[in-house]
Amino acid sequence: MADYIIAIDQGTTSSRAIIFDKKGSIVATGQKEHEQILPKAGWVEHDPIEIWRNVQEVIGLALSRADLTRHDIAAVGITNQRETAVVWDRTTGKPVYNAIVWQDTRTQDIVDRLAADGGGDRFKQVVGLPLATYFSGTKITWILENVEGAREKAEAGDLAFGTTDSWVLWNLTGGTDGGVHVTDVTNASRTMFMDLETLEWRDDILEAFGVPRSMMPEIRSSSEVYGAAESSSLLRETPIAGILGDQQAATFGQAAFQKGESKNTYGTGCFLIFNTGEDIVHSKNGLLTTVGYKLGDGPTHYALEGSIAVTGSLIQWLRDQLGIIQTAPEVEELARQVEDNGGVYIVPAFSGLFAPYWRPDARGAIVGLTRYANRNHIARAALEAVAYQTRDVLDAVNADAGVDLTELKVDGGMVANDALMQFQADVLGVPVVRPVVAETTALGAAYAAGLAVGFWNGLDDLSANWQEDKRWEPTMEEGERDRLLRQWRKAVTKSMDWVDDDVA
């Protein structure tokens, strides 16, 4: 039998292909960034053609670096930026518009229009989500209402919608020549269109958004064979057998399979997921109810999620927009030059505030500035903002779950930052634990694919792979923690009520 699994991780800033062995260890990686297209304030787009081209390239890079061929690969798993919407022509295979990214806020008017009849929680009991620009549903509506000819083509059945997992899968399995149009339950649960209980598209909600059902992909489990790579691919005939949205994939890669287990991923945004088992738990504290995973014909596992829009992208902003740093790791070097934040707090509400506040009217703010503050304090405040936002979400999780979390498993690119992880433990007051394999998003997709083809025998095999790499214990005094959190929450209020009728 082939000895490896390859995972395609189509993320917000880059696409990666990572090859894993049976122990869940990384064998080789290929990675390529794609352009962040920012046409207007609040608009964020990607070129789907560029993404697909990059996916093909990174597959080749990973295979060549590992000196492997398709014959060595047992299956392909896909994980992806979840709410980013692609609409394409089934006949030509070309997108009718750029992908509208999950961070994009242009659809606020559509959100307001839908909320006028039933409020922001109009569909929440069914789909687990409040009305927000974050989810892909309003993005499809915007494309149909604003791209010339799109509505007519959609009504004729000529257009397909998918999050980027569906776009990659469709192209990988043949595109216009028999491409498979499928998504999994985790990605479907982020559209605002899927009934959490039945795991099917709701016609009444699609109608409310003005989206023809013919555009929608078939909903399948997270772990089954959807199809095989087409003949011109380097992976031709290899089964594609796992799909998980990126945050659910990271939870799966952390082996957080059981009710009460959780993880926090530090990437472009920050996403804390708490496994609620087979129970659908509706949050009273600003969290999302989502699907955690479903393996083949097995039961559906649900989760509560706290989604934070801006964490790693705040560091990119310091680098690319302000020029305070030249490379992302420099932020830790600067932060270590000072003992504290100098009274400076950054609230990175670039796309409004997500969980637990859900305030689209918020915008980014830097508060507490004095002549004493310098770029070291700004860098430290940026790192601290990541930890404070995670604390806000964890408080909501504890309130909804009725039991306090005793430790937090972490993963993602920012967990290499020791200063951030120590501060995170201090602000939470619980240990923070990093696994040996921090690339848990790709690992989760590999696990889902491997389970479907018998590469791994079950969840016990995957749990046995998980190993602790490093643990940070809280050292901050409770009084100091309370003072910092009080100041942070005051800073958050200063970011609110910014957007009104004449401010974008």
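Helix 10 contributes the most to the lining of the largest pocket, giving five residues. The model is a predicted one. In it, the largest pocket has a volume of about 950 Å³.

**Largest pocket**
- The lining consists of 36 residues, and those nearest the centre of the pocket are Thr 13, Tyr 266, Gly 267, Thr 268 and Gly 413.
- Elements that give two or more residues to this lining include strand 2 (14-20), strand 3 (26-33), strand 13 (262-266), helix 10 (312-322) and helix 14 (440-452).
- By residue class, the lining of the largest pocket has 19 polar, ten nonpolar and seven charged residues.

**Salt bridges**
- The count of salt bridges comes to 34.
- One of them joins the side chains of Glu 45 and Arg 106, at 2.8 Å from N to O.
- Glu 45 belongs to strand 4 (residues 45-46) and Arg 106 to the loop between strand 7 (99-100) and helix 2 (108-115), so this pair ties together parts that are 61 residues apart in sequence.
- Both Glu 45 and Arg 106 are buried.
- Asp 469 pairs with Arg 434 in a salt bridge, with 3.0 Å between the closest N and O atoms.
- Because Asp 469 lies in strand 21 (residues 468-472) and Arg 434 in strand 20 (residues 432-435), the pair ties together parts 35 residues apart in sequence.
- Asp 469 is partly exposed, at 43% relative accessibility, whereas Arg 434 is buried, with a relative accessible area of 13%.

**Network**
- Shared partners link Arg 82, Glu 83, Arg 190, Asp 246 and Glu 305 into one network of salt bridges.
- Within it, the closest N and O atoms of Glu 83 and Arg 82 are 3.6 Å apart.
- Glu 83 is buried at a relative accessible area of 1%, and Arg 82 is buried at 1%.

Technical notes
Residues are numbered from 1 along each chain as its sequence is written. This is a predicted model: local features need pLDDT of at least 70, side-chain atom pairs count only at pLDDT 80 or more; totals for chains, interfaces and linings use all residues. Side-chain values use heavy atoms; hydrogens and water are left out. On a 1 Å grid over the protein atoms alone, a cavity is a set of points where a 1.4 Å probe fits but cannot get out, and a pocket is an open set with protein on both sides within 12 Å along at least five of seven lines; lining residues have an atom within 4 Å of a point. Grid points are joined across faces, edges and corners, and a volume is the space filled by probe spheres set on the points. Helices (H or I, at least four residues) and strands (E, at least two) are DSSP runs, numbered from the N terminus. Ala, Val, Leu, Ile, Met, Phe, Trp, Tyr, Cys and Pro count as nonpolar, Asp, Glu, Lys and Arg as charged, and the others, Gly among them, as polar. A salt bridge is a side-chain nitrogen of Lys or Arg within 4 Å of a carboxyl oxygen of Asp or Glu. Buried means under 20% relative accessible area, exposed over 50%, partly exposed in between (1.4 Å probe, protein chains only).
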